[in-house]
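The following explanation leads the reader through a predicted model. Please keep the sequence and the structure in view while reading.

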Number of protein chains: 2
Amino acid sequence: MVNTVAKALQILDALSESQPQGVSDLARNLGLPKSSVYSILETLVSEKIAEKNVQTGKYSLGVKLIELGNCAQTGLDICRIAAPFLQGLNVKFDETVHLTVLDNNEVLYIDCIESRRRLRTYSVIGVRAPLHCTSVGKAILAFLPDAEIEKIVAEKGLPVFTAATIASPERLAAEVAVIRRQGFAIDNMEHEEHLRCVGAPIFNSQGSVFAALSLSGPAERNTMERILEMAPEVVSAGLEISRRLGWRGEPQSSWR
Amino acid sequence: MVNTVAKALQILDALSESQPQGVSDLARNLGLPKSSVYSILETLVSEKIAEKNVQTGKYSLGVKLIELGNCAQTGLDICRIAAPFLQGLNVKFDETVHLTVLDNNEVLYIDCIESRRRLRTYSVIGVRAPLHCTSVGKAILAFLPDAEIEKIVAEKGLPVFTAATIASPERLAAEVAVIRRQGFAIDNMEHEEHLRCVGAPIFNSQGSVFAALSLSGPAERNTMERILEMAPEVVSAGLEISRRLGWRGEPQSSWR
DNA sequence: CTATATCGTTCATATATATGAACATCGTTC
DNA sequence: GAACGATGTTCATATATATGAACGATATAG
């Protein structure tokens, strides 16, 4: 383990979280010595991982990260393997499809194909969302061990976004039971108004859930009826992706 | 300057350039000690900047980079400032627009809005292309000092991609003269068959060209006539973006 | 099935690096 | 306009780190 590199990554994290910052800002926020931050930033800038605004002296993330981010995405097993299935779902229903992974008890959106319709869910690659109020998040949550779910709820709470957001551990437990039986999760305007999505889990070769995919679109078009038509397709895409990742499990009979 | 961080970035670069690699591969290719590579990778993995395949023991880029890449893109001055202009051009012509920066004597695509048509240029954020055969590349190249152009040609050569690619320094010099007079560059199927694009330069506050934007689409639809209709709009978008970035220059009269 | 080569990993120590303090510079405040 | 407080930057040295050599495990070859 290398402290210096860890510090550099801390700095990148800090830069990703807010407006351009100066050396002192960063040092204060991260509890690191100014001079350390300074020399690390110097290196990052020389590699275009960070960028220094010569007028303000503030630092922000650099162009090289765009390139690396793109390589990371196209290189990830999960992205490569999932791509054709995402495309299949996108073509069939003409709704936006998302691919997400579990990271730090949140979902991180790592791939997206947008619907071609005028009214559609927009691309959100690289952003994060809570587990308890998104279809992908709930699809992951439901297949974690109960103890893990409790731990996450304790840590993150159940913040409310809309009138439909699940806000009590009891309702969440009930929802988890439903998702485990069905094999898919529905986000019925629980994170954003007018947005209805259906998501299914993706398992790794060890058999644990670590990712999810979803179809999402405006509730006016994605009626509950249509969502239930989509669900089996999303589930089987998730299962097929899991298998190609080395998963050797079997779906429950209630899933199909 | 911090060697350790530089090494970590070298490793990321290596991981971005090819298939997943092991510790020894990386150490050999980069001329670094195995143990150094090992401990750096350990740190990168713990921060999800890199990923280790537990079965093969090989390393690849991690999900965190997708997030950072996204933040870099939305945070970059140039992206933020250019976004509305890219959108304007995209809506007006319904062709794919690209935003690129000059990096290492290549163009790096940093933003894109796709056309909504069936036949269209696809998104390429994060990839690179040569300067001498793309509209964005030529738009940048033409506004570099002559000495710089010569240096780049000496370093990169003029690799041929299609029948129309500019392959001799003389033809390139003539093309540069035209672009300087017009204020925009046309890629007439010089990089890919059936693809015709028009690009214009973007200048920074020091007055040097460092980025470019373009409209691109199938040659069958983007006739030379249509390209020439697009050109003034692309040029004025480039100039307006430059001004908002602090550029105080004046376009030549022949540009409008 | 043995021998060999190559792999990822560990560890002590020589070595390069992090950093506290001091510096010059800038913008603010009184 | 002087004093202050904040900034980004430099530098010597105490300190944490890079790394060569050695390890066991695994794959390949004979």
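How many salt bridges are counted between chain B and chain A? The count is 6, a salt bridge being a side-chain nitrogen of Lys or Arg within 4 Å of a carboxyl oxygen of Asp or Glu. A:K64 forms a salt bridge with B:D13, and their closest N and O atoms are 3.1 Å apart. On the side of chain B that touches chain A, two or more residues come from each of α1 (3-17), α3 (34-46), α4 (64-75), β3 (96-103) and β4 (106-113) of chain B. Helices (H or I, at least four residues) and strands (E, at least two) are DSSP runs, numbered from the N terminus. α4(B) gives the most to this side, with 10 residues.

In total, 52 residues of chain B are in contact (heavy atoms within 4.5 Å) with 52 residues of chain A. The size of an interface is often given as the accessible area lost when the parts come together. Here the area buried between chain B and chain A (accessible area lost, 1.4 Å probe, summed over both) is about 4,300 Å², with 65% given by carbon and sulfur atoms.

Within chain A, 6 strands form an open antiparallel sheet in the order β5-β4-β3-β8-β7-β6; two strands pair if DSSP finds at least two bridges between them. β5 (128-129) and β6 (185-188) of chain A stand at the edges with a single partner strand each, so one side of each has no neighbour in the sheet. β4 (residues 106-113) of chain A pairs with β5(A) in the antiparallel sense over 2 bridges, and A:V107 has A:A129 in β5(A) as its bridge partner.

Residues are numbered from 1 along each chain as its sequence is written, and chains are lettered from A and ligands numbered from 1 in the order in which they are written. In this predicted model, local features need pLDDT of at least 70, side-chain atom pairs count only at pLDDT 80 or more, and totals for chains, interfaces and linings use all residues, while side-chain values use heavy atoms, with hydrogens and water left out.

Notes: Buried area = accessible area lost by both parts, 1.4 Å probe.
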